[in-house]
Amino acid sequence: MASSKGSILVTGANGGLGSAIVSHILADPDLAAHHGLYTVRDASAPNVALRTALSSSPTHASSEILSLDLSRLSNVREFAASINKRVKGGEIPPIKALILNAGVLEFEQQTWTSDKEGRLDMTFAANYLAHWLLTLMLLQSMDRERGRVVVVGSAVHNAQLLRNARHYHNDKFIIRDGTDAIAKGTWSSREEDPSYHSGFRRYGASKLCLYMMVTELQRRLSTDPALGGITLVGIDPGSMNTSIARHGNWVVRTVIFPIVIGGAARLLSGFYPNMVMRTPEKSAKDVMNAAMSSERLKDDGGGLYLNGSEIDHEVSDEVNDAAKRAMVWQDSVRYARLEEGETMLVDWK
């Protein structure tokens with residue numbers, strides 16, 4: 001077995017925040033003593049940011065770069081089955097922290113998953129649904145007493161915030177009569193609105209569903225006879241200068257993210273650590289503290305939300321709407337075609 005401390009699994013480990021998380025893990029002797037499972041879309045690709053982070057790996061650290069294509073639910077199933085088999089066989093230790101970090105933001109374009117996967121909007125499928133399915137399938141491999149799922153969210157899930165109003169046209173709610181339009185990409189489509197606002201809204205909707213998962217899955221885990229010790233936490237890492245801007249236009253890629261967001265974060269983060277704009281290094285520390293160090297989250301029963309290093313007081317009313325959460329959950333079961341035996345969770349329907 002690679003480590004007795006457990007495994008840390010990070011999705012999107014090659015991105016700006018993902019590689020910063022890996023660097024933070026390797027710089028901390030206690031974290032580096034865990035077995036690292038770092039996923040990227042294609043492990044055979046260069047993955048420069050991740051490999052650079054791993055180049056400073058302590059000699060005692062054990063880690064793997066694994067392929068996980070979140071745009072294909074069939075690949076998510078194959079990946080989860082492989083991890084479950086390896087944990088059950090003692091090849092790798094149970095998962096202490098599952099960090100759902102990978103994300104895509106399609107500013108002025110819109111793509112879909114393959115017809116075989118049900119032709120879902122890529123933002124919804126990769127950001128939310130694949131992570132939802134991955135989590136449910138990996139529950140059997142989690143540390144049953146101290147396991148934690150960290151959901152990397154965003155304040156853009158909240159259409160009620162004043163700073164988001166221009167993107168949502170002052171509409172206060174994202175989900176109304178179901179999630180079909182969001183899942184299939186007909187809600188806020190690029191055809192309907194070719195500006196970057198449509199992609200921003202689709203991204204916000206995917207993060208809203210993720211935040212709903214934090215509360216809804218925690219509720220179901222709390223009554224599960226075998227999984228009650230697993231907790232979830234959602235965290236807003238703030239706006240960062242990362243590769244998530246790669247699908248934006250020239251101004252977004254070369255001015256807004258690197259100069260406006262990146263510059264403000266570097267200059268002011270020392271004075272205002274939880275301001276909207278942050279460095280990936282600061283957010284990586286917050287994510288790992290949420291995963292490993294915040295015992296109060298477990299004491300409070302899990303299912304809480306953080307804004308950086310503080311409790312998040314800007315979670316939307318929709319997240320707290322039990323009827324909407326139940327609707328999103330049931331729709332997710334349908335989209336993912338989850339079947340009996342694919343998850344250890346008793347109350348999965």
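Visitor: Hi! Where does R119 lie?

Guide: Hello! R119 sits in the loop between β4 and α5. One thing to keep in mind from the start is that this is a predicted model.

Visitor: Is R119 buried or exposed, or something in between?

Guide: R119 counts as partly exposed, with 43% relative accessibility.

Visitor: And what is its phi?

Guide: Phi of R119 is near 45°, which is a positive value in a residue other than glycine. As background, most residues other than glycine have a negative phi.

Visitor: What about N47, what is the phi there?

Guide: N47 also has a positive phi, near 50°, and N47 is not a glycine. You'll find N47 in the loop between β2 (35-40) and α3 (48-54). With a relative accessible area of 8%, N47 is buried.

Visitor: Let me zoom out. How many helices and strands are in the chain?

Guide: The chain has 12 helices and 8 strands. It is made of 349 residues, and 59% of them count as buried.

Visitor: What share of the contacts join residues at least 24 apart?

Guide: That share is 76%, taken among contacts between residues at least 6 apart in sequence.

Visitor: Now the helices. At what angle do α5 and α8 pack?

Guide: Helix α5 (residues 122-138) and helix α8 (residues 196-222) pack at about 20°, and their axes are 7 Å apart. The two helices are therefore roughly parallel to each other. The crossing of α5 past α8 is right-handed.

Visitor: Which residues meet there?

Guide: From α5 come T123, F124, N127, Y128, H131, W132, T135 and L136, and they meet R202, Y203, S206, C209, L210, M213 and L217 of α8. By class, the residues of this contact are 9 nonpolar, 5 polar and 1 charged.

Visitor: And α8 with α12, what is the angle between them?

Guide: For that pair the angle is about 95°, with the axes 9 Å apart. So α8 and α12 are roughly perpendicular to each other. On the α8 side the contact uses C209, M212, T215, E216, L217 and R220, and on the α12 side K324, R325, A326, V328 and W329. The contact of α8 with α12 has 6 nonpolar, 1 polar and 4 charged residues.

Visitor: Changing topic: which residues touch the most other members of the largest nonpolar core?

Guide: Those are I83, Y128, L129 and W132, in a core of 65 residues. At least two residues each come from α4 (73-88), β4 (95-100), α5, β5 (148-152), α7 (180-184), α8 and α12 (322-336). Helix α5 gives the largest share, 13 residues.

Visitor: Where is L100 found?

Guide: L100 is in strand β4, and it counts as buried at 1% relative accessibility. Not counting residues up to four places away in sequence, L100 touches T11, H131, L134, T135, V149, V150, V151, V152 and M213.

Visitor: How far apart are L100 and A130 in space?

Guide: Their C-alpha atoms are 10.0 Å apart, and in sequence L100 and A130 are 30 residues apart.

Visitor: What about S154, where is its place?

Guide: S154 belongs to the loop between β5 and α6 (165-168). S154 is buried, with a relative accessible area of 11%. Setting aside neighbours within four places in sequence, S154 is in contact with Y203, K207, Y211 and D236. S154 and G238 are 84 residues apart in sequence, yet 6.8 Å apart from C-alpha to C-alpha.

Visitor: Last one: is E318 buried or exposed?

Guide: E318 counts as buried, at 2% relative accessibility. E318 is in the loop between β8 (310-311) and α12. Among the residues E318 touches, not counting those up to four places away in sequence, are K172, F173, L208, M212 and K324.

Conventions:
Residues are numbered from 1 along each chain as its sequence is written. This is a predicted model: local features need pLDDT of at least 70, side-chain atom pairs count only at pLDDT 80 or more; totals for chains, interfaces and linings use all residues. Side-chain values use heavy atoms; hydrogens and water are left out. Axes are lines fitted to C-alpha atoms, for helices over the stretch in contact, and angles run from 0 to 180 degrees between N-to-C directions. Helices (H or I, at least four residues) and strands (E, at least two) are DSSP runs, numbered from the N terminus. Angles under 35 degrees count as roughly parallel, over 145 as roughly antiparallel, 65 to 115 as roughly perpendicular and the rest as oblique. A crossing is left-handed if the near helix is turned anticlockwise from the far one by less than a right angle, and right-handed if clockwise. Contact means heavy atoms within 4.5 Å. Ala, Val, Leu, Ile, Met, Phe, Trp, Tyr, Cys and Pro count as nonpolar, Asp, Glu, Lys and Arg as charged, and the others, Gly among them, as polar. A nonpolar core is a set of buried Ala, Val, Leu, Ile, Met, Phe, Trp, Tyr and Cys residues joined through side-chain atoms within 4.5 Å. Buried means under 20% relative accessible area, exposed over 50%, partly exposed in between (1.4 Å probe, protein chains only).
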